Amino acid sequence: MLEVFICEDDPQQRSQITKYVSDYIMIENLDMKIVVSTGNSEDVIDYLRNNQVTGLYFLDVDLKEDKSGIALGAEIRQYDNQGAIVFITTHSELTYLTFTYKVEAMDYITKDKFTDIQKRIIDCIDTANQRYLMNKHSNRKVFQTKSGDKMIGVDYSDILFFETSSQLHKIILHATNRQVEFYGKLKDILEMDSRFYRCHNSYVVNKDNIAEVDMSKREIRMTNGQICYASSRFLKGLKDIVQH
Amino acid sequence: MITFIASLIQMATFCFSIPILMKRRIGLGLSLIMLAGSLTIGLALLPLMGAMSSLVILVFLIGCVYYMSRRWLLSIIVAVIPMILVVVSDYVIALFAQQVFDLSNADMQDKYLVSGVTGIMLLTFALSYLGRYLFGTMRDHEPFFRRYGALLTAMVIITLLIFYLNIWIGQQQGFSNENIRANSILFLFYFILLVVVCVVLIRIMMKETNLQNKQVQYERLTEYTENLEQLYMDMQKFRHDYINILLTMSEYIRSGDMERLERYFNDRIMPISQGMQSNNYKLGTLHNVKLQELKGILSSKLIKAQELKIDAVIEVVEPIEQVSMDSVQLCRCVGILLDNAIEEAVHCETPSVRVAVIKRDQSVLIAVTNSCRSDTPELYRIFERGFSTKGTNRGLGLSNLKEIVAKSESTTLDTQILNGEFIQLLEVYGSPVTTKSRMTG
């Protein structure tokens with residue numbers, strides 16, 4: 001079950017939001033429940049400390065206490081890293097990226113457009129619910145790795161190859177439409193999926209995305225045209241793969 | 001046999017000083033090729049040309065290093081310096097042997113060849129580490145290297161030529177003890193002089209670059225201050241208008257003229273609230289950036305973006321006091337990120353550039369996003385050296401950025417194209433990180 005938290009310090013707005021949420025849950029008969037609706041961020045943290053949950057959080061950014069909603073979001077992440085966080089804010093323009101990258105917020109709702117709020121809340125509930133259900137019985141495989149504070153997730157089907165950087169322990173993941181660096185070891189990555197093949201001391205290639213192999217130049221052309229390198233030691237194994 | 005071992009050690013000295021100097025590992029394959037190649041050349045030419053065969057080996061080594069680094073000046077310098085070091089070490093050892101153990105040059109050539117050559121090797125490696133320190137500081141300052149690289153190359157080549165000219169003359173005279181001693185002292189002093197001149201030169205030039213950086217930074221901050229003053233003036237104007245507005249409104253209310261009140265509200269008051277969202281306010285949170293250099297570059301680039309009619313916004317929610325990266329490098333990275341974002345955004349229908357500086361538990365994240373055209377080329381092409389959507393001779397930016405990040409131990413770059421947005425995340429960690437990967441289904 002997805003548990004809903006609401007933290008908004010204006011009592012009137014809080015009851016309004018709570019009503020929107022509970023109405024929608026009832027009408028659609030969703031597998032959700034409002035467990036905390038409060039003006040005090042401590043209540044949310046207390047609940048999380050005592051219960052293991054996957055939550056949907058509606059948080060006001062400007063709480064009338066020392067802690068901002070964003071800080072609260074970051075704290076929530078320590079207990080619930082799968083949960084969906086939605087910020088409710090007055091200054092729409094200025095904090096979108098911070099929401100996304102500081103706490104991996106799912107969405108944000110602006111109070112400036114008063115009429116929209118209900119619709120936006122319903123949108124968020126739908127998205128969070130879909131995401132929750134998909135995670136529960138999912139067959140889309142995602143490569144995930146944690147690097148420092150950051151969680152990196154890339155679909156296996158998008159991965160082209162991994163390359164070591166000149167800096168020790170740093171790896172560059174090349175995917176269609178994304179290049180991302182993280183800390184790890186090629187050896188560990190190789191063991192994560194059978195699609196991966198060590199084609200060079202410094203490269204691990206995703207076999208599914210190979211377009212063709214140039215044996216004489218020892219180059220692998222990927223489906224998007226990018227070139228990955230192979231060394232003669234691993235070339236023979238590669239030949240077998242391409243022929244099958 | 002002895003000659004072979006001695007040559008092997010000598011060639012190993014040449015080949016392995018190069019990676020020491022470059023501060024970079026070269027593959028086993030390449031080292032073996034370098035070693036075998038120079039050994040073959042050395043053994044083949046030594047009987048014919050004597051000491052001059054080293055110059056042929058030098059050309060070969062330059063070729064090898066160029067194959068690895070693809071940069072001419074760099075390869076010439078890192079191949080020539082070990083030669084100079086070997087010559088200096090050679091003469092120092094010879095001098096040492098003469099003075100302390102009273103061995104003649106002939107003795108050295110016959111009986112103690114291997115130990116002599118080993119001594120040369122050790123001394124050369126020690127000098128290489130010293131050289132790496134000097135050379136490393138120079139290479140860290142890319143513009144510096146670009147400007148004075150040619151001069152430096154000329155200097156080391158001339159030094160080497162002078163050394164070999166002397167050796168050649170010595171060879172003609174049959175390497176008498178006096179000749180060796182004279183040469184040793186000459187070389188040693190010349191070498192020390194060269195090092196001192198280099199150090200002084202580097203010092204002066206570093207100072208100059210620092211001064212230039214300060215100047216640029218000052219100009220940027222001035223621009224920012226002007227921007228703030230403008231903002232302050234706007235506020236003043238607004239405060240002045242505010243009272244008048246209230247007076248007018250109260251007058252309409254008192255007379256109950258709802259129609260004119262509404263018109264007045266729509267015509268006069270709504271535009272003001274629109275003005276609140278205007279460009280100047282979008283840089284408001286920049287005050288949270290406490291690093292002057294970073295603030296300077298962010299403000300100057302974003303103001304430039306706004307002048308180009310780009311919707312440029314910055315978000316800095318928490319105060320940023322520290323980013324664990326050399327400030328010159330950091331500003332270069334941020335400059336490249338923003339230049340790139342602005343260049344691309346300008347071509348869009350609704351151009352926007354959005355920047356955020358976000359403090360996280362272990363790191364500071366600089367996020368730059370911009371709107372991009374739908375026909376953006378494949379991501380990997382954008383990073384290629386010399387690639388640019390604007391024809392040749394541009395597009396060094398992103399490949400330079402990648403190079404800087406690759407050199408840095410605690411910085412990572414994440415680039416993606418998502419829903420018509422180009423997103424670049426530069427993450428600077430407080431300390432180097434190691435982590436485990438895991439898979440979820």
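**Exercise 1. Find which residues of α4(B) and α8(B) meet, and describe the crossing.**

Step 1. List the contact, meaning heavy atoms within 4.5 Å. From α4(B) come B:I84, B:L85, B:V87, B:V88, B:Y91, B:V92, B:A94, B:L95, B:Q98 and B:Q99. They meet B:N177, B:I180, B:R181, B:N183, B:S184, B:F187, B:L188 and B:F191 of α8(B). Helices here are DSSP runs (H or I, at least four residues), numbered from the N terminus.

Step 2. Sort by class. This contact has twelve nonpolar, five polar and one charged residues. Ala, Val, Leu, Ile, Met, Phe, Trp, Tyr, Cys and Pro count as nonpolar, Asp, Glu, Lys and Arg as charged, and the others, Gly among them, as polar.

Step 3. Take the geometry. The axes of α4(B) and α8(B) come within 9 Å and cross at roughly 130°. Axes are lines fitted to C-alpha atoms, for helices over the stretch in contact, with angles from 0 to 180 degrees between N-to-C directions. So α4(B) is oblique to α8(B). Angles under 35 degrees are roughly parallel, over 145 roughly antiparallel, 65 to 115 roughly perpendicular, and the rest oblique.

Step 4. α4(B) passes α8(B) in a left-handed crossing. Left-handed means the near helix is turned anticlockwise from the far one by less than a right angle; right-handed means clockwise.

The model is predicted: local features need pLDDT of at least 70, side-chain atom pairs count only at pLDDT 80 or more, and totals for chains, interfaces and linings use all residues. Residues are numbered from 1 along each chain as its sequence is written, chains are lettered from A and ligands numbered from 1 in the order written, and side-chain values use heavy atoms, without hydrogens and water.

**Exercise 2. Describe how α1(B) packs on α2(B).**

Step 1. Helix α1 (residues 2-22) and helix α2 (residues 28-49) of chain B pack at about 135°, with axes 9 Å apart. They are therefore oblique to each other.

Step 2. The crossing of α1(B) past α2(B) is right-handed.

Step 3. Residues in the contact include B:F4, B:L8 and B:M11 of α1(B), and B:M34, B:L35 and B:L39 of α2(B). The classes are eleven nonpolar, four polar and no charged residues.

**Exercise 3. Describe the largest cavity and its lining.**

Step 1. The whole structure holds six cavities of 30 Å³ or more. A cavity is a set of points, on a 1 Å grid over the protein atoms alone, where a 1.4 Å probe fits but cannot get out; lining residues have an atom within 4 Å of a point.

Step 2. The largest cavity has a volume of about 310 Å³, the space filled by probe spheres set on the points. Of its 17 lining residues, B:I81, B:G131, B:L134, B:V195 and B:C198 are closest to the centre.

Step 3. α4, α6, α7 and α8 of chain B each supply at least two lining residues. α6(B) gives the most, with six.

Step 4. The lining has 16 nonpolar, one polar and no charged residues.

How values were computed. 1 Å grid on protein atoms, 1.4 Å probe; cavity = no way out; pocket = protein on both sides within 12 Å on 5 of 7 lines; lining within 4 Å.
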